[in-house]
Amino acid sequence: MTIIVTELTLGIMMLFGISLRLTSIVSFFLILLFTLIYTYGLSFIGIRDCGCFGKVHFLNSSPVLLYVRNSLFLLGLYYVYKTEWNTPQLSKIQISNYIATIIVIVTAIYLCGRTNNSALNSIDIINNKIAYKHHALNNYIKVSADSTYLIYVFSYDCPHCINSFGNLAQYNNQKYINKVIGLCRDNIEAKEKFFDFFKPSFEIKELPEEDFYNITDEYPIAFFVKNDSIIKIIKGEIPSAFFLNY
């Protein structure tokens, strides 16, 4: 939340022309710091998805686009710093800008706080019958009408996905359903550690990132399939089979 509010504050100050020289200096070094952190992650940890472009996932996965974007930001901020030698004097217009900035920042803090209250591991169960053939899952996993399935869409390095894996194994081991299938975003670096720890006893199918996001941009998510229909969708960590009436 701190990073979001800081970035928003700097953006609003730039937009309203408040202390442009100081704002441009802080923004310049902040972007430079983020770029260096991303470079370290890319070089030594294998992180490619910076999340900087929101849900436009193909942009997030391209380091070149990130470096181009950040380079343009740095050049623009340097230009502002060189041309804005004097901090504007207070005026009625600028005072209104300060007030507007404070209102926007307070609103952003409130919204961030509400977002944090809704944890990523919260469970959202949707009971809505969907014909399986009409869902994107049908392009990657074929099902039989006389069987029941739990299709678990996850990532090897997602902490909430990992927290769900023990409960997921219950559905497979206790035979609450006929078949559990994992559908995972391809990640060679994280896969080995994941398999060494969990030793999955059910099928896991890996997909390239672009195919993975054709199915969902929120994970973990589980699809319960029966009679060629998706009858239940669980967004977030999977509850124990003990609690779920399937």
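Among contacts (heavy atoms within 4.5 Å) between residues at least 6 apart in sequence, 68% join residues at least 24 apart in the protein chain. This is a predicted model, in which local features need pLDDT of at least 70, side-chain atom pairs count only at pLDDT 80 or more, and totals for chains, interfaces and linings use all residues. Residues are numbered from 1 along each chain as its sequence is written, and side-chain values use heavy atoms, with hydrogens and water left out.

Of its 246 residues, 38% count as buried. Here buried means under 20% relative accessible area, exposed means over 50%, and partly exposed is in between, using a 1.4 Å probe and protein chains only.

Now to strand β4, residues 179-185. Six of its seven residues are buried, so β4 is largely enclosed by the rest of the structure. On one side there is β3 (residues 148-155), which runs parallel to β4 and is joined to it by seven bridges; strands are taken to pair if DSSP finds at least two bridges between them. Tyr149, for instance, has Lys179 of β4 as its bridge partner. Getting from β3 to β4, the chain passes through helix α6 (residues 159-173), and this β-α-β crossover is right-handed. That label applies if, with the strands pointing away from the viewer, the path from the first strand over the helix to the second runs clockwise. Strand β5 (residues 203-207) also runs parallel to β4, with five bridges joining the two. Arg185 has its bridge partner, Leu207, in β5. Another right-handed β-α-β unit is made by β4, helix α7 (residues 188-198) and β5.

Back in α6, there is Ser164, which counts as buried at 0% relative accessibility. Leaving aside residues up to four places away in sequence, Ser164 touches Tyr152, Pro220, Gly236, Glu237 and Ile238. Pro220 sits in the loop between α8 (209-215) and β6 (221-226), and the peptide bond joining Tyr219 to Pro220 is cis, with omega at about 5°. Most residues other than glycine have a negative phi, and most peptide bonds are trans.

Lys199, in the loop between α7 and β5, has a positive phi of about 50° although it is not a glycine; at 61% relative accessibility, Lys199 counts as exposed. Asn227 is not a glycine either, yet has a positive phi of about 55°, and its place is in the loop between β6 and β7 (229-235).

In α1, Val5, Thr9, Leu10, Ile12 and Met13 are buried. They cover an arc of only 165° around the axis, which puts them on the same side of α1; the arc is that of the directions from the helix axis to the C-beta atoms. Just after α1 comes Gly17, with a positive phi of about 70°.

Helix α4, with 21 residues, reaches 30 Å from its first C-alpha to its last, close to the 30 Å expected at 1.5 Å a residue. Its buried residues include Pro63, Leu66, Asn70, Leu74, Leu77 and Val80. Seen down the axis of α4, the buried residues fall within an arc of 125°, so they line one face of the helix. The face turned away from this buried side carries the exposed residues Val64, Leu72, Leu75 and Tyr79. Thr83 also lies in α4 (residues 63-83) and is partly exposed, with a relative accessible area of 45%. The C-alpha atoms of Thr83 and Arg21 are separated by 8.5 Å, although the two residues are 62 apart along the chain.

Finally, the cysteines. With a disulfide taken as a pair of cysteine sulfur atoms within 2.5 Å, the count comes to zero. Cys184 is in no disulfide, and the nearest cysteine sulfur, that of Cys161, is 7.7 Å away. Cys184 is buried at a relative accessible area of 0%, and Cys158 also counts as buried, at 8% relative accessibility.

Notes:
Helices (H or I, at least four residues) and strands (E, at least two) are DSSP runs, numbered from the N terminus. The expected span of a helix is 1.5 Å times one less than its number of residues.
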